[in-house]
Amino acid sequence: MFSDEDNVIDIRDKRDPNSDIQDRLNFIEEPLPPDAKRCLHSKTIVNEYDRTLICRLCGATLDPFDYLLSIAKNETRLDWNLRTIRSEIRDHREGLEKLNREEQNTRGRIKNALFKLADVNQALLDAGEALIKVKGYHGLSR
Ligand SMILES: [Zn+2]
């Protein structure tokens with residue numbers, strides 16, 4: 001005797017261990033064809049009489065609330081991006097001020113070092129002159 005299950009052919013791809021997942025889903029989004037371009041519906045026609053919103057690029061009828069929501073989400077994202085950019089600008093300004101202070105400090109240290117070097121050079125010259133006066137000639141004594 002044959003049962004109904006004997007007449008069912010399993011067409012799932014046996015090589016894909018996840019092929020049963022889609023069988024469990026109630027809604028499956030149909031994939032777009034590989035060459036299809038996804039329209040952003042950036043240009044619309046607002047029909048006051050019909051109270052409709054239609055994309056001028058692809059002709060799709062848009063849900064007005066969804067369209068407004070997408071605009072609001074974009075504005076929210078812009079707000080977040082601006083806050084992030086302003087924070088980065090503030091951080092960079094603080095870093096720049098710190099670098100300017102370090103540059104001023106370094107210039108001051110270089111200036112002090114040059115003064116000390118001039119003092120050491122002058123002391124060397126003075127010592128050389130004193131040595132010449134003591135020995136009475138230029139050169140090494142033997
Ligand atoms: Zn469109």
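Visitor: Which residue in S2 is the bridge partner of isoleucine 45?
Guide: The partner is isoleucine 54. Please bear in mind that this is a predicted model.

Visitor: And what stands opposite valine 46 in S2?
Guide: Leucine 53 of S2 stands opposite valine 46.

Visitor: How many bridges join S1 to S2?
Guide: There are four bridges, and the two strands run antiparallel.

Visitor: What lies between S1 and S2 in the hairpin?
Guide: Four residues separate S1 from S2 there. In that turn, arginine 51 has a positive phi of about 55°.

Visitor: Which residue in S3 does isoleucine 54 face?
Guide: Isoleucine 54 stands opposite threonine 61 in S3. S2, residues 52-55, pairs with S3 over two bridges, in the antiparallel sense.

Visitor: Which residue in the turn between S2 and S3 has a positive phi?
Guide: That is glycine 59, with a phi of about 80°. The S2 and S3 hairpin has five residues between its strands.

Visitor: What is the strand order in the sheet, then?
Guide: The order is S1-S2-S3, in an open sheet of three strands with antiparallel pairing. S1 (44-47) and S3 (61-62) are at the edges with a single partner strand each, so one side of each has no neighbour in the sheet.

Visitor: Changing topic: how many residues does H2 have?
Guide: Helix H2 has 72 residues, covering 64-135. From first C-alpha to last, H2 reaches 104 Å, close to the 106 Å expected at 1.5 Å a residue.

Visitor: Which residue just after H2 takes a positive phi?
Guide: Glycine 136 does, at about 85°.

Methods:
Residues are numbered from 1 along each chain as its sequence is written. This is a predicted model: local features need pLDDT of at least 70, side-chain atom pairs count only at pLDDT 80 or more; totals for chains, interfaces and linings use all residues. Two strands pair if DSSP finds at least two bridges between them. The expected span of a helix is 1.5 Å times one less than its number of residues.
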